[in-house]
Amino acid sequence: MRILRLIADVFWSVSRWNFRSEPAPKGSGILLAGPHTSNWDFVLMLAIAWKCGFRPYFLGKKELFRGPAGPFMRALGGIAVDRKNPVGVVDDLLARAKAGDDFQVVITPEGTRGGVERWKSGFYRIAMQGDLPVTLGYCDSKTMTAGLGPTIRLTGDVKADMDVMRAFYADKWGVRPERRVMPRLAEEG
């Protein structure tokens, strides 16, 4: 982890982005990466996690894990997901969270870099089912800052929980602001 933290320190010292963070989450949980508007979000989230001293895990479409990129993606913490047949993903994540003391899985709630009207609710179901805290990670091109916001416990009141997230992300624009999606789940009605 020392080498990864050193890499993150170098990144933040030469990057035009500024790192700002509330205390890093302890134990297992979900780290939301929002707004997800660019492939640069991935680089920023790795740099945030390494700077905070934890190894992130992330979900990626199985195509990212083919060929020579596969071992590299897995070494970075990647978990391959077959988006056409995602059976067992939630159970696998919950088992990993229970087995490890520091299993922080990064989830992009939009599920893609653009072209959606609302967030996907998988992160919410996983957090509720596994009683996992949710840390609000962000990157904001308007202020050129990236980091971790508050860590919250979901209540089961979807609208109230999403109101908290909407308030936090209201002034966060992502790397490509035109692709930003406001936090809203279909379950809110």
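W119 touches L32, P109, E110, M162, M165, Y169, V181, M182, P183, R184 and L185, residues up to four places away in sequence being left out; contact here means heavy atoms within 4.5 Å. The model is predicted, so that local features need pLDDT of at least 70 and side-chain atom pairs count only at pLDDT 80 or more, while totals for chains, interfaces and linings use all residues. Residues are numbered from 1 along each chain as its sequence is written, and side-chain values use heavy atoms, with hydrogens and water left out.

**The nonpolar cores**

The largest nonpolar core has 29 residues, of which I30, L32, W119, F123, V134, M165 and Y169 touch the most other members. Such a core is a set of buried Ala, Val, Leu, Ile, Met, Phe, Trp, Tyr and Cys residues joined through side-chain atoms within 4.5 Å. Buried means under 20% relative accessible area, exposed over 50%, and partly exposed in between, with a 1.4 Å probe and protein chains only. Two or more residues come from each of β2, β4, α4, β5, α5, β6 and α6. Helix α6 gives the most to this core, with five residues. Apart from it lies another core, of 24 residues, among them A49, C52, F54 and F65.

**Helix α5 and its surroundings**

Helices (H or I, at least four residues) and strands (E, at least two) are DSSP runs, numbered from the N terminus. Helix α5 spans residues 122-130, and F123, Y124, I126 and A127 are buried in it. Its buried residues fall within an arc of 165 degrees seen down the axis, so they line one face of the helix; the arc is that of the directions from the helix axis to the C-beta atoms. Elements that cover these buried residues include the following.

| Element | Residues |
|---|---|
| β2 | 29-34 |
| α4 | 89-99 |
| β5 | 104-107 |
| β6 | 134-140 |
| α6 | 158-169 |

Just after α5, D131 has a positive phi of about 50 degrees.

**Strands β3 and β4**

Strands β3 (residues 56-61) and β4 (residues 78-81) run parallel and are joined by four bridges; two strands pair if DSSP finds at least two bridges between them. L59 has I79 in β4 as its bridge partner.

**The segment after α6**

A170 is found in the segment after α6. With 38% relative accessibility, A170 counts as partly exposed. Beyond its neighbours within four places in sequence, A170 is in contact with R180 and M182. The C-alpha atoms of A170 and M182 are separated by 7.6 Å, the two residues being 12 residues apart along the chain.
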